[in-house]
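Colleague: Hi! Could you walk me through this one? I'm still learning how to read structures.

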Amino acid sequence: MKWQGRRQSTNVEDRRGRSVKGAAIGGGVGGGILIAVIMLVLNFCGGGDLSQIPDSTQLDSQTAATTYQETQQEDELAQFVSVVLAETEDVWTEIFSANDMAYSYPGLVLYTDYVESACGIAGSATGPFYCPPDQKVYIDLSFYKELQQRFNAPGDFAMAYVISHEVGHHVQNLLGIMDEVNSAQAGASEAEANEYSVRLELQADYLSGVWAHYVERMNLLEEGDIDEALNAASAVGDDRIQKQSQGYVVPDSFTHGTSEQRQRWFYKGFTTGTLEGGDTFNTDNL
Ligand SMILES: [Zn+2]
């Protein structure tokens, strides 16, 4: 993506090098409640290990304040993420206004190791996520390396896809879709709740594609960008992740969709570029 010299978002909060204070979540908030709360988090892929959320006793050893020393590469990555966020602000403002709605910007928090959100405390192993109550996207920039190495999905636009997928969740939040899904999930069986989750995630992939459609219209795409996004979408499919981590797949437990579905919905958003085309909740062809 052609990003250098472009506007950076002012809604990025840099909390890197600042560890979470155990005292802040001590007292009445037990580990069990924290884990229940964290389930509301919309993390980027099913591979994140939620059991790695520390309880407050573990966090007590993490309270030392350190000055975060970023490398030149990290500095560049942080700038890139800010530009991507700014581009999502412009695109979604335009789309919302064309539909007579006002878009409010999400925040984006850069962190290292652990972070405290309105959804609870999360560690880097959770992967990038969006927290609906505070309307912020949380990302540890080390995920870029994880995309390259663990998911074999390199490239700047793979990262752009990740950010715009999370912003897609923010769009769903503003449109009230997230509330509807939460209510529907409340009375559902686990398999049904998982299917709602898959539909929500595939729609976020679609919305990420809609954003990419506008990026192309602004002539900001470079050769290979869409392939990078499609490769990343495939790499974080539930079937791919389960096969790699446990050797077999359990479709009922899918929460994000298969590699093929994630690619297809991103690409549909990219080619259509409209809000209407992304109704993943009323289709037999998921
Ligand atoms: Zn998601």
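**A chat about contacts and rings**

Modeller: Happy to! Let's begin with Glu89, which touches Arg7, Ser9, Asn11, Tyr103 and Tyr105, leaving aside residues up to four places away in sequence. Keep in mind that this is a predicted model.

Colleague: Got it. Let's switch to Ser259. Where does Ser259 lie?

Modeller: You'll find Ser259 in helix H10, residues 259-272. Its relative accessibility is 9%, so Ser259 counts as buried.

Colleague: What does Ser259 touch, not counting residues up to four places away in sequence?

Modeller: On that count, Ser259 touches Ala233, Ser234, Gly237, Asp239 and Arg240. Take Ala233: it is 26 residues from Ser259 along the chain, and the C-alpha atoms of the two are separated by 6.4 Å.

Colleague: And what does the side chain of Ser259 reach?

Modeller: The backbone oxygen of Ser234, at 2.6 Å.

Colleague: Nice. New topic: how many aromatic pairs are there in the whole structure?

Modeller: A search of the whole structure turns up 12 aromatic pairs. One of them is Phe44 with Phe143: the ring centres are 5.9 Å apart and the planes are at 80°, so this pair is edge-to-face.

Colleague: Which parts of the chain does that pair link?

Modeller: Distant ones: Phe44 is in the loop between strand S2 (42-43) and helix H2 (56-60), while Phe143 is in helix H4 (residues 143-149), and the two are 99 residues apart. Both Phe44 and Phe143 are buried.

Colleague: Which aromatic pair is stacked, then?

Modeller: Phe129 and Tyr138 make a stacked one, with 4.9 Å from centre to centre and 15° between the planes. Phe129 counts as buried because its relative accessibility is 0%. Tyr138 is buried too, with a relative accessible area of 1%.

Colleague: Last one: what sits over the ring of Phe44?

Modeller: The charged end of Arg262 does, at 5.3 Å from the ring centre.

Notes
Residues are numbered from 1 along each chain as its sequence is written. This is a predicted model: local features need pLDDT of at least 70, side-chain atom pairs count only at pLDDT 80 or more; totals for chains, interfaces and linings use all residues. Side-chain values use heavy atoms; hydrogens and water are left out. Contact means heavy atoms within 4.5 Å. Helices (H or I, at least four residues) and strands (E, at least two) are DSSP runs, numbered from the N terminus. Buried means under 20% relative accessible area, exposed over 50%, partly exposed in between (1.4 Å probe, protein chains only). A polar contact is a pair of N or O atoms within 3.5 Å; within protein, one must be able to donate a hydrogen and the other to accept it, and residues adjacent in sequence count only if both atoms are side-chain atoms. Rings of Phe, Tyr and Trp (its six-membered ring) pair if their centres lie within 6.5 Å; planes under 30 degrees apart count as stacked, over 60 as edge-to-face and the rest as tilted. A charge sits over a ring if NZ of Lys or CZ of Arg is within 6 Å of the ring centre and within 35 degrees of the ring normal.
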